[in-house]
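Dear colleague,

I am passing on a structure for you to look through, and below it you will find my notes on what turned up. Please keep the model open while you read, so that you can find each place as it is named.

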Amino acid sequence: MDTGDFTLISDIYWINGGVGELGSKSDSSYKPGTDGLTPYSMEGIFSTFASERILTPSSRGSLILNYDPSIVDDVGATITVFRLSDKTKTGTWVPIGGKVDTKKHTITVPFDEFGYYKVMKQSKSYADITNHPWARNYLNAMYAKGLMKPLKSNSFGADDRITRGEFATLLVKGMNIPITTPTQQTFSDVGKGTGAEIWNYEAIETAARVGIITGRSDGFFQPQLPISREDAAVMIARAMNAKLAANDDKLSQALGKSFLDSGSIEYYARPAIQAVTKAKIMDGSPVTVAGSKKAQFQFNPKGNMTRAEAAKIAVELLKKSTGLFPKTLS
């Protein structure tokens, strides 16, 4: 990712555990394992080591980094950590988000790769974010934390429809779920090496492994299709491990009181829709009904979502589930 839209607000940190051994001891080209190395080591150059020598922490930890204490609290949602690791052979800095403590001026991220780390603050944005009538703060926060990417060089794609693949990917990233290295392909249409700028095979497999997603039919996931609101609700309810109501007549009646179009909600999605609307992560749209004094709403379960709408929903989820975003972000 290009860091040109961000400003450095910390030192650049180097964290390294060394490299593993290479080859057999009886081999003339054998190289032993080492302890931690400096960035410019006689042992080799960072990001060019053979893949079998690259070490990975045995378990996920947490990394807490300090940033410039003069940064005001209000921009905490657009502060993020960038990582450059041995696994990034192209030398690309990757945004990995982070939970900000504005009182201590620190940011905490999961730690599962050695390499360079730095804290940055978003300083530029896209016109369709800046000029958006209601989602500017949501979109900037999602972009800054690396949860959503721009669709074009000159446009973020705020009002483009979000796909099933992108929505599943942003949930995995936002919930800090460790990425799976799959041994077997789950979906017929999502294999190793497949993906797009906004989703990838590993994230889809991770979402499948933890139970956030299931296939549509015949083993297909169809990541490129726009996601329906009811399918988004199901993914969210699973991601937040929501307590679901029994899928019975009582639930049907409750949904009927909440939404005029409850009859068009698929059976499998009913408990999830009740859970996410009760948690105020998703909501319905107001409808004007002649002669009715009470406010009426519809859920529009078969409708698709724009990326701006998805950003708002994701922010509300992550406020409650992870604390990644402050409760005041709106």
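**Helix α3 and what follows**

Just after α3, Asn176 takes a positive phi of about 55°. Please bear in mind from the start that this is a predicted model. For most residues other than glycine, phi is negative. As for the helix itself, α3 covers residues 164-174, and because 10 of its 11 residues are buried, it is largely enclosed by the rest of the structure. The buried residues of α3 are Arg164, Gly165, Glu166, Phe167, Ala168, Thr169, Leu170, Leu171, Val172 and Gly174. Which elements do these buried residues pack against? They pack against α2, β11 (199-200), α4 (201-210), α5 and α8.

**Two other positive phi values**

Ser47, which is not a glycine, also has a positive phi, near 75°, and it is found in the loop between β3 (44-45) and β4 (61-66). Is Ser47 buried or exposed? Its relative accessible area is 18%, and because buried means under 20%, Ser47 counts as buried.

Asn241 is another residue other than glycine with a positive phi, in this case near 55°, and its place is in the loop between α5 (229-239) and α6 (249-258). Asn241 has a relative accessibility of 68%, and because exposed means over 50%, Asn241 counts as exposed.

**The nonpolar cores**

The largest nonpolar core has 73 residues, and those that touch the most other members are Met142, Phe167, Ile213, Met235, Met282, Met305 and Phe325. Helix α8, residues 307-321, gives the most to this core, with 8 residues.

If its neighbours within four places in sequence are left aside, Met305 is in contact with Asp160, Arg161, Ile162, Phe167, Ile227, Arg229, Ala232, Met282, Ala310 and Ile313. There is also a second, separate core of 14 residues, which includes Leu63, Ile107, Val109 and Val119.

**The second largest pocket**

The second largest pocket holds about 610 Å³ of space. It is lined by 27 residues, of which Asp73, Asp74, Val75, Gly76 and Ala77 are the closest to its centre. The elements that give two or more residues to this lining are β7 (99-101), β9 (115-122) and α2 (136-144), and α2 gives the most, with 4 residues. How many residues of each class are found in the lining? There are 8 nonpolar, 12 polar and 7 charged residues.

**The chain as a whole**

To set these places in context, the protein chain has 8 helices and 13 strands, and its C-alpha atoms fill a box of roughly 85 × 50 × 35 Å, taken along the principal axes. Of the 330 residues in the chain, 46% are buried. Among contacts with a separation of 6 or more, 71% are between residues 24 or more positions apart. The chain exposes about 17100 Å², and carbon and sulfur atoms supply 50% of that area.

With best wishes

Definitions and conventions: Residues are numbered from 1 along each chain as its sequence is written. This is a predicted model: local features need pLDDT of at least 70, side-chain atom pairs count only at pLDDT 80 or more; totals for chains, interfaces and linings use all residues. Side-chain values use heavy atoms; hydrogens and water are left out. A nonpolar core is a set of buried Ala, Val, Leu, Ile, Met, Phe, Trp, Tyr and Cys residues joined through side-chain atoms within 4.5 Å. Buried means under 20% relative accessible area, exposed over 50%, partly exposed in between (1.4 Å probe, protein chains only). Contact means heavy atoms within 4.5 Å. On a 1 Å grid over the protein atoms alone, a cavity is a set of points where a 1.4 Å probe fits but cannot get out, and a pocket is an open set with protein on both sides within 12 Å along at least five of seven lines; lining residues have an atom within 4 Å of a point. Grid points are joined across faces, edges and corners, and a volume is the space filled by probe spheres set on the points. Ala, Val, Leu, Ile, Met, Phe, Trp, Tyr, Cys and Pro count as nonpolar, Asp, Glu, Lys and Arg as charged, and the others, Gly among them, as polar. Accessible areas come from the Shrake-Rupley method with a 1.4 Å probe; for residues, only the protein chains shown count as cover.
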